[in-house]
Amino acid sequence: MFEIGLENIERAAKALEQDLCDHCLGRVFAHVSTGFSNDERGAAARKAVNEMRVNYEMEPLEHVSCSVCEDIFLDLDRFAEAVALEVRKIECHNFLVGTRVDPVIQSREESLWSRVGQETAEPIKVELNREIGKRASALLQKEVEFKAPEVVALVDTRFAHVELDIAPLFVYGRYNKFSREIPQTKWPCRECRGKGCKRCDGTGKMYQTSVQEIIGDPLLAAAEGKEHFLHGMGREDIDARMLGTGRPFVLEVSEPKKRDIDLVAMREKINADGEGRVAVSELRFSSREEVRQVKTDSPEKAYIVDIRFKDKVNKDRVIEVVRSLDRTPICQQTPVRVAHRRADLERAKSIISARVEELSDEGMRLWLRTQSGTYVKEFVHGDGGRTRPSLSELLGIPCEVLALDVVEIIDKDTEA
Ligand SMILES: [Zn+2]
Ligand SMILES: [Zn+2]
């Protein structure tokens with residue numbers, strides 16, 4: 001049984017100058033010792049106070065109605081059932097209970113603390129969350145999870161109303177893009193900003209589809225979620241393909257009602273729907289933490305660039321120049337084509353390595369490995385002198401980019 005200790009009997013007697021339920025009395029002594037519930041502490045404290053009163057030939061105190069909580073704890077089962085009812089509507093492996101408590105009750109608790117001290121006390125919210133959580137856990141046969149719950153059931157104790165806050169579902173993967181006509185993310189129409197107009201044929205979009213939609217739509221449907229977001233490890237231009245082992249991404253689905261999604265079946269569906277345009281691999285469940293990682297990683301990348309020489313070249317000179325590109329520092333002023341949406345800055349980047357794949361009088365196929373964030377098209381044509389040195393400058397003739405593909409994202413999974 002809970003031993004309240006001599007020093008605390010005085011405080012308990014003082015607390016009981018106002019009528020309190022066992023929970024509200026016990027909560028004042030919540031941190032005196034562990035291993036008891038607050039109502040056990042309260043019952044023991046009341047017993048000790050009443051024994052003392054009997055010794056002094058005073059009437060024992062009877063509990064009628066709690067002056068702090070109005071005996072809200074009698075409703076714990078009702079709250080737990082309301083939580084279970086809502087949580088059962090969705091698929092989850094764990095949950096957490098939160099409560100919204102009438103501010104009047106909280107201020108009554110604070111005035112009790114001001115009379116008897118707060119040093120060993122616990123706030124009512126904490127006890128309600130825990131006690132409702134315990135009961136709901138038994139009803140649902142699911143664990144209460146404090147750190148990363150899949151769903152938080154928020155109980156408004158005034159109305160026993162429960163609202164669910166469902167954590168998003170995260171799926172990691174790598175994608176390939178085989179089309180030069182689709183953007184990475186959904187792109188709202190510039191004219192109508194997504195409402196639908198003549199320009200976008202009522203779709204509200206600049207492009208009919210995107211990597212995000214091809215991957216996200218089937219996942220959203222399977223998870224019965226609300227919206228999807230694609231977090232890519234960088235992005236390629238619309239007209240660049242993403243080949244090789246693909247680009248890492250995390251697809252986020254908000255408010256999913258289903259979580260146990262068959263990712264093998266999803267991969268097959270996405271790859272069938274996306275045939276010739278987008279393919280995914282390595283799908284697995286992920287986390288918000290990994291989104292941060294994917295967004296901040298800055299891997300080196302390898303490219304294949306098809307280049308047209310706009311003037312006569314000496315092939316030996318071309319080979320010599322390309323050979324000299326290894327570990328070349330370059331300076332890039334924000335390209336003209338993105339200047340409207342990016343700050344105009346000068347960036348120091350470098351070409352890690354380069355080699356000629358094919359070469360003719362008209363042009364060449366160049367393989368390039370560069371530091372993250374290098375503007376490859378601009379490195380080739382020079383962007384009117386905004387990238388220096390550029391391949392055009394080094395060759396002494398204007399070069400045009402015919403096609404660009406990302407062939408490798410060299411992150412921790414692909415690094416040899
Ligand atoms: Zn109470
Ligand atoms: Zn439009």
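Tutor: Asp237, Asp239, Arg337, Lys377 and Glu378 are linked in a network of salt bridges, a salt bridge being a side-chain nitrogen of Lys or Arg within 4 Å of a carboxyl oxygen of Asp or Glu. The model is predicted, with local features requiring pLDDT of at least 70 and side-chain atom pairs counting only at pLDDT 80 or more, while totals for chains, interfaces and linings use all residues. Residues are numbered from 1 along each chain as its sequence is written, chains are lettered from A and ligands numbered from 1 in the order in which they are written, and side-chain values use heavy atoms, leaving out hydrogens and water.

Because aspartate 237 belongs to the loop between β6 (228-232) and β7 (241-253) and lysine 377 to helix α11 (residues 376-381), the pair ties together parts 140 residues apart in sequence; helices (H or I, at least four residues) and strands (E, at least two) are DSSP runs, numbered from the N terminus. Aspartate 237 is partly exposed at 26% relative accessibility, whereas lysine 377, at 14%, is buried. Here buried means under 20% relative accessible area, exposed over 50%, and partly exposed in between (1.4 Å probe, protein chains only).

The structure holds 40 salt bridges. One of them joins the side chains of arginine 174 and aspartate 411 at 3.2 Å, N to O. This pair links distant parts of the chain, 237 residues apart: arginine 174 is in strand β5 (residues 169-177) and aspartate 411 in the segment after β14 (399-410). Arginine 174 is buried, at 1% relative accessible area, and aspartate 411 is buried too, at 3%.

Another salt bridge brings together the side chains of glutamate 70 and arginine 108, at 2.7 Å, N to O. Glutamate 70 sits in the loop between α3 (38-55) and α4, and arginine 108 in helix α5 (residues 103-116), so parts 38 residues apart in sequence are tied together. Glutamate 70 is exposed at 52% relative accessibility, while arginine 108 is partly exposed at 24%.

As for helix packing, α4 (residues 76-87) and α6 (residues 124-140) have axes that come within 8 Å and cross at roughly 55 degrees, the axes being lines fitted to C-alpha atoms, for helices over the stretch in contact, with angles from 0 to 180 degrees between N-to-C directions.
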